[in-house]
Amino acid sequence: MGDRVHPRDSPPASLPVSSNNSGEAVGQPAKPQCPAPAKPVPPPGTYVVQVPKDQIYRYPPPENARRFNALSKRKPRRSCCCRCLCYTLFLLVALIVALGVAAGVLYLVFRPESPKYTVSSIAIKGLNLTSPSPISPEFDVTIRAENPNDKIGIYYRKGSSVTVFHSDVKLCEGALPTFYQPSNNVTVFPTALKGSNVALGSAVKSVLANQQRQGGVPFRLNIKAPVKIKIGAVKTWKITVKVKCDVTVDALTEKSNVISKDCKYSARPW
């Protein structure tokens with residue numbers, strides 16, 4: 001029979017026991033234990049395979065190689081979109097700043113002022129309050145336009161309109177003449193306004209007659225004129241000028257006098 005061989009990590013054989021005079025068992029002194037190794041010792045039957053780090057991080061496993069190649073070739077779309085958005089915002093801000101600076105320089109150089117408009121006189125014909133049939137009134141309105149600017153001229157273009165209302169009823173309409181108004185200039189021009197087949201209700205006729213007896217008939221005059229501004233040698237695009245005048249006359253005749261007037265001006269850049 002062969003000798004029995006114990007494995008390396010099997011427990012050591014029991015030490016011999018001797019007894020003293022009192023019959024107590026006394027063993028031999030135990031051997032000092034060895035310190036634990038710095039690295040843990042793998043249990044029996046365990047295999048450790050060491051692979052270089054560069055192979056672990058550089059090369060994906062075969063089953064993920066195709067996906068890795070596809071992801072590595074994909075372009076960073078989000079970063080391109082972010083760059084384009086940033087460039088667009090930067091250009092927009094730069095354009096706004098440049099326009100603001102240019103507008104400030106132009107304002108300091110030319111010192112623009114708003115033109116002033118008023119109604120000098122009104123002659124009324126054909127406003128018969130006793131006729132039961134529709135009427136065709138005519139208003140000859142004299143308008144005064146003042147350009148107070150030193151270096152700015154105004155071109156009055158075609159397409160203007162002038163209308164006269166009373167209690168939201170349009171009585172007549174017409175247009176302004178086309179002309180150029182230089183700087184520091186006052187232009188007074190008559191404007192003939194005509195109405196056709198204007199039907200006035202009995203209530204409107206009664207109000208007009210009562211106001212004429214009291215010596216004050218109010219009208220609303222609306223002016224709409226496309227103009228071009230000349231700054232030096234440069235002409236702007238068409239700008240729409242709107243004027244609303246509240247005018248009161250003392251009679252509904254050709255010799256009526258304007259007793260009060262209040263005109264408000266506004267402009268629309270396009």
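The structure is a predicted model, in which local features need pLDDT of at least 70 and side-chain atom pairs count only at pLDDT 80 or more, while totals for chains, interfaces and linings use all residues. Residues are numbered from 1 along each chain as its sequence is written, and side-chain values use heavy atoms, with hydrogens and water left out.

A nonpolar core is a set of buried Ala, Val, Leu, Ile, Met, Phe, Trp, Tyr and Cys residues joined through side-chain atoms within 4.5 Å; buried means under 20% relative accessible area, exposed means over 50%, and partly exposed lies in between (1.4 Å probe, protein chains only). The largest such core has 40 residues, and Phe139, Leu200, Phe219 and Leu221 have the most contacts inside it. Strand E10 (residues 217-231) gives the most to this core, with seven residues. Here helices (H or I, at least four residues) and strands (E, at least two) are DSSP runs, numbered from the N terminus. Leaving aside neighbours within four places in sequence, Leu200 is in contact (heavy atoms within 4.5 Å) with residues including Leu127, Leu129, Val169 and Leu208.

Gln181, in strand E8 (residues 179-181), is also buried, because its relative accessible area is 0%. A polar atom of the Gln181 side chain lies 2.9 Å from the backbone oxygen of Ala145. Beyond four places in sequence, Gln181 touches Ala145, Tyr156 and Thr187, among others.

Lys261 sits in strand E13 (residues 258-268) and counts as partly exposed because its relative accessible area is 44%. Although Lys261 and Val119 are 142 residues apart in sequence, their C-alpha atoms are 7.2 Å apart in space. A polar atom of the Lys261 side chain lies 3.1 Å from the backbone oxygen of Val119.

Asn184, in the loop between E8 and strand E9 (185-194), has a positive phi near 50° without being a glycine. Asn197 likewise is not a glycine and has a positive phi of about 50°; Asn197 is found in the loop between E9 and helix H4 (202-214). Asn184 is partly exposed, at 49% relative accessible area, whereas Asn197 counts as exposed, at 61%.

Terms used
Polar contact = N/O pair within 3.5 Å; in protein donor to acceptor, adjacent residues only side chain to side chain.
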